[in-house]
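Please read the following briefing alongside the sequence and the model.

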Amino acid sequence: MDNTARRRPQAPPPSRRRRFGIAVRITLGLSVMALLVLLIGGVSMSSFRLFRAEVAALSTNTLPEVITSAELHGSLQKLVAQLPQLAAATSTPQRRSIYDGLVTELDSMQLLVARMRGLMKEGDPSAGERDGNVRLLEQTRSTLLILAATVADLNAEVTRQIDYGDRQAEAARALSRLAAAIESMPDTGAWAARIGALMARAAGATQLDHLSRLKGEARSAERTLAELARLSGGAPDPTGQMMSTVQEELFSLLVAPGGLFESAIDRLQARNRAQALTGQAQVLVETVERSTRTLYDSIRDQSAERTDALAALIAERTRTVMVLAGTSLLLAVCVYFFFRRFLSTRLVAMNRAVLARLSGNRQSPHCGIAAPAGLPVPVPVDGDDEITDIGASIRYFIEEIDRRQQAVADNERRFRDLVEGSIQGIVIHRDFHVLYANDSFAAMLGMTVAEVVALPSLLSVVAVAERQALIEGYDRLLENGQSTPRRRIRACRSDGAGLWVELTGRRVDWMDGPAIQAVVVDVTREVEAEHALRQSRDAAERALNELKATQASLIQAEKMASLGQLVAGVAHEVNTPIGITITGASQLQALIGELSDRHTANALKKSDFQRFLSDGMEMASLILSNSTRAANLVQSFKLVAVDQSSDERRPFLLRDYIDELLRSLHPTYKARTALTIDVACPADLELDGYPGALSQILTNLIMNALVHALDPEQPGRIAIAARLLGPDMVELSVGDDGNGIAPDVLPKIFDPFFTTRRGAGGSGLGLHIVYNLVTGRLHGTIGVESRPGEGTRFTLRFPRVTAGA
């Protein structure tokens with residue numbers, strides 16, 4: 001019986017392909033449940049932290065910023081309401097009360113600006129909006145300082161206006177008393193009539209609002225008093241003495257220092273200055289209002305964005321947690337029924353069958369049907385998973401245990417010697433079901449050998465895009481048996497991390513059948529290095545493009561800043577000749593009116609006409625000279641400003657253009673009386689290029705010398721020289737005899753954002769922009785020579801005819 005059993009043909013071992021095994025099912029179910037629980041916890045904790053951080057930011061930074069900006073805007077509205085009241089104040093107590101209120105509001109606004117600045121420093125320093133808000137705050141703070149000085153000047157002018165008004169009123173009262181005293185005097189004929197007319201005209205003249213006419217009336221009253229003095233000198237005493245006394249008192253009341261006309265003139269001048277300061281203060285208030293309104297809108301928008309983002313975050317995280325919780329509950333129910341259906345019920349049935357066979361029972365406890373005589377009770381093998389394999393393996397094991405044990409021992413010895421110590425990953429599979437794997441291969445996937453063998457398919461650790469090619473290569477290997485060349489594919493580890501491997505395969509015979517042996521090498525580092533190299537190259541290209549764009553924007557910003565400085569200086573310089581022209585024209589108008597009145601009254605004398613011609617010629621010369629001066633300034637500014645604000649190319653004479661530029665820059669350095677600027681340039685040296693770029697270069701070099709090299713109180717010299725180097729090359733130099741540049745600073749002066757006056761408003765872009773304009777726009781070169789205490793010299797060399805862009 002035993003021999004017969006040994007000679008009986010052995011059944012082939014069970015074979016299953018592409019199964020979703022129980023171990024994988026259990027691991028997958030529990031892993032998904034654990035992953036969902038961890039995901040819910042992680043999402044909840046991260047949501048709580050984000051919510052707490054956002055609420056803290058809103059309560060400690062954003063909300064105080066909104067409140068402070070609103071208070072700043074409210075204080076500004078109070079300031080707007082009080083400014084006209086100060087200018088219209090008519091008494092000292094009223095003026096002092098209004099001014100104290102204005103000073104209080106300005107101090108309050110400075111405190112609010114300082115508080116807002118502190119809040120922004122405590123916030124997120126990397127936000128671009130905060131950078132803009134900080135700039136607005138700095139602009140508001142500096143404007144408030146200017147506004148405080150302007151209000152102080154306005155208060156001083158209103159004080160003078162009130163004082164001079166009081167003096168004028170006192171003089172008017174004294175004049176009234178004198179008029180009453182004159183009425184009680186004996187009849188003096190024409191003298192009394194002229195005195196009365198003079199007093200009436202003086203009383204009316206003090207009500208004039210035109211400064212030139214008021215001064216004309218003062219001179220007319222002085223001439224009248226002189227004529228009256230001649231009349232009183234010929235009168236007999238005591239009438240003549242009384243007339244002299246009245247005339248002297250009238251002189252002290254009307255035209256003497258501190259008299260009626262001088263008080264009226266000083267009051268009118270103080271009023272005009274107060275009106276000008278009021279207008280300036282209103283402009284500054286409008287500037288502050290625009291800045292505060294922009295700041296308030298920006299902070300309010302940021303607050304709304306953060307609030308909306310917080311609400312969206314809460315809603316999103318709530319939905320995510322609810323979805324994950326529902327998924328976890330549903331998955332738990334499915335896992336329970338899955339395990340009961342496919343595990344516990346089948347294992348109990350298999351256990352009953354095995355116990356029945358061990359006890360010699362010929363009836364199957366699983367189905368209740370008796371087995372044929374001489375045959376064991378069949379173990380249930382329904383299904384397509386590991387339980388089915390276990391049942392089939394039990395039957396196969398009973399018949400083949402001895403032979404299998406010997407074969408396994410032989411195979412283990414051979415492969416332990418060949419592949420266990422290999423540093424390369426080796427795996428043997430049939431239809432991608434792992435038959436053998438060494439430790440190196442398992443380590444690549446982050447698994448143990450047992451876990452690798454338990455994989456349902458090697459395709460599960462390969463990227464989806466690579467699977468079809470692997471299947472086709474597997475089929476070719478089984479057909480022709482030739483080794484495949486090295487192939488690089490993407491795979492994934494058990495922890496979800498990706499990796500790149502290179503593999504080669506060949507067909508082998510394994511366990512009584514063909515199989516595929518693959519040699520696997522981890523090349524993740526090489527692939528990552530190649531990817532990082534590509535990313536670095538792309539990042540460098542993007543950074544270069546961004547740098548070029550930033551450089552262009554900085555050049556444009558600096559150009560506009562220089563143009564703004566030029567506009568401010570020229571506007572201030574033009575105000576003086578225009579003011580003188582207006583004053584001369586008004587005075588000439590008064591002279592013509594006075595001459596017309598005398599002509600109408602048939603009282604025109606030759607001396608009056610000659611005096612009119614003399615004064616009129618003087619006023620006309622004054623008007624012409626100052627108008628010409630203003631026109632020249634405007635013409636120079638127009639030429640330079642148009643060139644700086646455009647990139648137009650045109651031919652121009654270098655010497656004339658330098659003179660126009662210096663004339664436009666003269667308001668910047670006119671206060672430096674000890675400064676000398678020398679220009680040495682041929683008058684016929686003509687360039688064909690970009691005058692705007694050359695103007696920007698010379699402006700930056702001259703301002704750099706004024707700011708860094710030359711002390712305002714000490715004598716200094718700036719030398720500008722130009723000459724031809726051959727027919728097509730120009731050399732232009734700008735030098736000074738100032739402080740010079742330290743040797744350790746000299747190599748860095750053209751670097752962007754490098755400055756030695758960081759705390760004094762220096763941006764560090766002036767010389768960097770000069771370098772870019774010379775080398776870029778003018779296609780030239782620039783060099784610098786300097787020694788401490790001996791001055792600095794910049795030398796530019798560029799083509800006389802600039803090439804096209």
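Two strands are taken to pair if DSSP finds at least two bridges between them, and helices (H or I, at least four residues) and strands (E, at least two) are DSSP runs numbered from the N terminus. This is a predicted model, in which local features need pLDDT of at least 70 and side-chain atom pairs count only at pLDDT 80 or more, while totals for chains, interfaces and linings use all residues. Residues are numbered from 1 along each chain as its sequence is written, and side-chain values use heavy atoms, with hydrogens and water left out.

**Sheet**

- Strand E7 runs parallel to strand E9 (residues 716–724), and six bridges join them; within this pairing, leucine 675 has glycine 716 of E9 as its bridge partner.
- The open sheet consists of five strands in the order E7-E9-E10-E12-E11, with mixed pairing.
- Strands E7 (675–680) and E11 (781–787) stand at the edges with a single partner strand each, so one side of each is left without a neighbour in the sheet.

**Packing helices**

- Helix H15 (residues 654–669) lies across E7 and E9 and runs at about 170 degrees to E7, where contact means heavy atoms within 4.5 Å and angles run from 0 to 180 degrees between N-to-C directions, with axes fitted to C-alpha atoms, for helices over the stretch in contact.
- Helix H17 (residues 766–777) also packs on the sheet, where H17 touches E11 and strand E12 (791–799), and its direction makes about 140 degrees with that of E11.

**Tyrosine 336**

- Tyrosine 336 lies in helix H8 (residues 260–358).
- Tyrosine 336 counts as partly exposed because its relative accessibility is 47%, the class between buried (under 20% relative accessible area) and exposed (over 50%), with a 1.4 Å probe and protein chains only.
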